[in-house]
Amino acid sequence: MLFLIIKRILLGFITLFIVSIITFVGTEVLPGDACTTYLERQAFGEQLEACYRRLGLNVPAYERYVSWAFNAIQGDFGYSLSGEMPIKEVLGPRIKNSLVLASAAIFIGIPIALILGIITALWRDKLPDVAISTVTIFAMTIPEFISATLLILIIAIWLEWLPGIVIVPTDVSFLELLPNIILPVVAIAMIMTAHMARMVRSSVIQVMASEYVQMAILKGVPYWKMVFKHVLPNALLPAINVVALTIAWLLGGVVVTEVVFNYPGLGRLVIESISNRDLPTVQALAIILASIYVSINLLADLLTLMLNPRLKTLQIRK
Amino acid sequence: MKLDNIYKEEKKSSFAKLSEIIITMASRPSGLIGLSILVFHIILAFISPYIAPHDFKAIDPTLMLQAPSAEYWFGTDDLGRDVFTRTILGGRTALTITFFGSLIALLWGGLLGIFCGLVGGKIDDVVMRIVDAFLSIPWILAMLLIVSLLGTSTEVLIPALGFFYGKGIVRVARAATHDVIAKDFIVSARARGHSDFSIIWNEIIPNVRDAILVEGAMRWSWMLLGFSSLSFLGFGVSPPTPDWGLMISNARGLMSFAYWAVIAPIVGLSSLIIGINLTADAFAKALGIDRSTKAPV
């Protein structure tokens, strides 16, 4: 058990290590470096030399990688190209804002997804299932920027209930942020909920068809008791992993949604730094987003391991 | 002689199998809807240049932001261009790029996955680690990086999308190969003395093909989503080209007075994505593959 956990954590670190190499090599081998793209036409002679020295680009690539990785582990990502600010300071408030957005969406989304998933599974192919499933298919297939744009058009422009875009400074207090983030949270939660509800649905359906549930029905266990005692615990366990993967996958959607709502989070920083060709920031963002992805998956794996007694004994036998 | 007959029958039946699959797909209401939307969009993509009522890039300041009328069915945009013309042309770019992108994804993802499943061991471990690492970079960041450094021409977009959406197929193809390789008929083929190539071509590929094709069909709809998100963010195809993502992002700022310019491309893009999705779903069900418990990685 312990061995398995340590192995999973190590694998996570290996993945991050490979990601860091990929992004480093990616930004390295592609045409132009940070200085030539930043200085554009003035990229020659003295100025180029000075820029190389300032960014430390005059040493070989592998040495830069080692020192960059060493600093990155300590949370120091160097200086951003455009703002002349330490990336750490740029990232701080952005991460906080994105976390607020994502966690609000997750906390609203998970309970709704559970309820919808269970309802659709228990009333499979009946009216509630058909109605809810149709809506979830629409919600999960339509791109984030379309649902976000429609939300703004209907709720902010036609009904004038909420502000359509977020116009607040990056470092704003939570209460000031609240009315501004309702629409972005709804936009993200909608897609997330739809994805999760469908997975819960199929997981519950699978368990309902299993032999021990059939046995419980034959034994005369009351329906709701059977659902809560026999079906749900077994159905929700495998769903955890899939839900984690979905949340991680939706990070990309958060980027787009933040742009649509002009929300000062990590996602908009991704677009800004790529438009400005701010490669040090891009590298830092890649590593941070990948770590979020890896840790969500790791968390889900550990949770499944801890909640599933079968897996424990399996590992001991091995 | 007898062997020849068997092969002929098999070929005939594979053709019959295809039409059977399509009939099964169309027999469910969701599959029928999906197929008809997809077919409609494909036909539209072929004929739209000939039926477009106006020039898609004709700018006319006097016609700015006109409401829908008999002359301009879906109104005009901020540069006085006909929204109807641009909407029916918008599917061409998206369909072409994502179709060829999916083909590339299927090819390299499928082949690498089958290869990994076959060789196993250290090589398999290393390749899967790298694939996992690529999977953990958010697609949007990776795509933006490639596109912003290499440009947004079609020659860059198609392989970039193909590469990025193929890595998920690697896993599916590998898992399917793993399942097949332990089966008895592989062992007996080996015992009969068939070459490795013959075993891969005649035994393994026919058995993993379905899983890979279904995954590829699903990737197609995600790739369309990714591609239009890129266009929306201004990193996709460049402006004069009629493209839905681009049209939505242009018309978005003015949608408080000219909602038609944003609604038309939204309907176009949403219906195509839903059409591909429903078709892929029906395709999976017709082949008896359940992918509803899979995460969209």
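This is a predicted model: local features need pLDDT of at least 70, side-chain atom pairs count only at pLDDT 80 or more; totals for chains, interfaces and linings use all residues.
Guide: Residues are numbered from 1 along each chain as its sequence is written, and chains are lettered from A and ligands numbered from 1 in the order in which they are written.

Visitor: How many helices and strands does chain A have?

Guide: Helices (H or I, at least four residues) and strands (E, at least two) are DSSP runs, numbered from the N terminus. From the N terminus on, the elements of chain A run α-α-α-α-α-α-α-α-α-α-α-α-α-α. The count for chain A is therefore 14 helices and zero strands.

Visitor: What percentage of the residues of chain B is buried?

Guide: A residue is buried if 20 or more other C-beta atoms, placed from the backbone, lie within 10 Å of its own, exposed if 12 or fewer, and partly exposed in between. Chain B has 10 helices and zero strands. Among its 297 residues, the buried share is 45%.

Visitor: Which element supplies the largest share of the side of chain A that touches chain B?

Guide: Two residues are in contact if their C-beta atoms, placed from the backbone, lie within 7 Å; 42 residues of chain A are in contact with 38 residues of chain B. Helices that each supply at least two residues of that side of chain A include α1 (2-29), α8 (174-208) and α13 (279-307). Nonpolar residues are Ala, Val, Leu, Ile, Met, Phe, Trp, Tyr, Cys and Pro, charged ones are Asp, Glu, Lys and Arg, and the others, Gly among them, are polar; the side of chain A that touches chain B divides into 32 nonpolar, nine polar and one charged. The largest share, seven residues, comes from α13(A).

Visitor: How many residues of α11(A) are buried?

Guide: The buried residues of α11(A) include Leu251(A), Thr257(A), Glu258(A) and Val260(A). Just after this helix, Asn262(A) takes a positive phi of about 60°. Helix α11(A) is largely enclosed by the rest of the structure, because the buried count is 10 of the 10 residues.

Visitor: What is the count of buried residues in α7(B)?

Guide: Helix α7(B) spans residues 184-191 and is hardly covered. Just after α7(B), Gly193(B) takes a positive phi of about 90°. Among the eight residues of α7(B), the count of buried residues is zero.

Visitor: Is Met143(B) buried or exposed?

Guide: Met143(B) lies in helix α5 (residues 139-150) of chain B. Not counting residues up to four places away in sequence, Met143(B) touches Ala160(B), Phe164(B), Gly226(B) and Leu230(B). Because Met143(B) has 25 C-beta neighbours inside 10 Å, it counts as buried.
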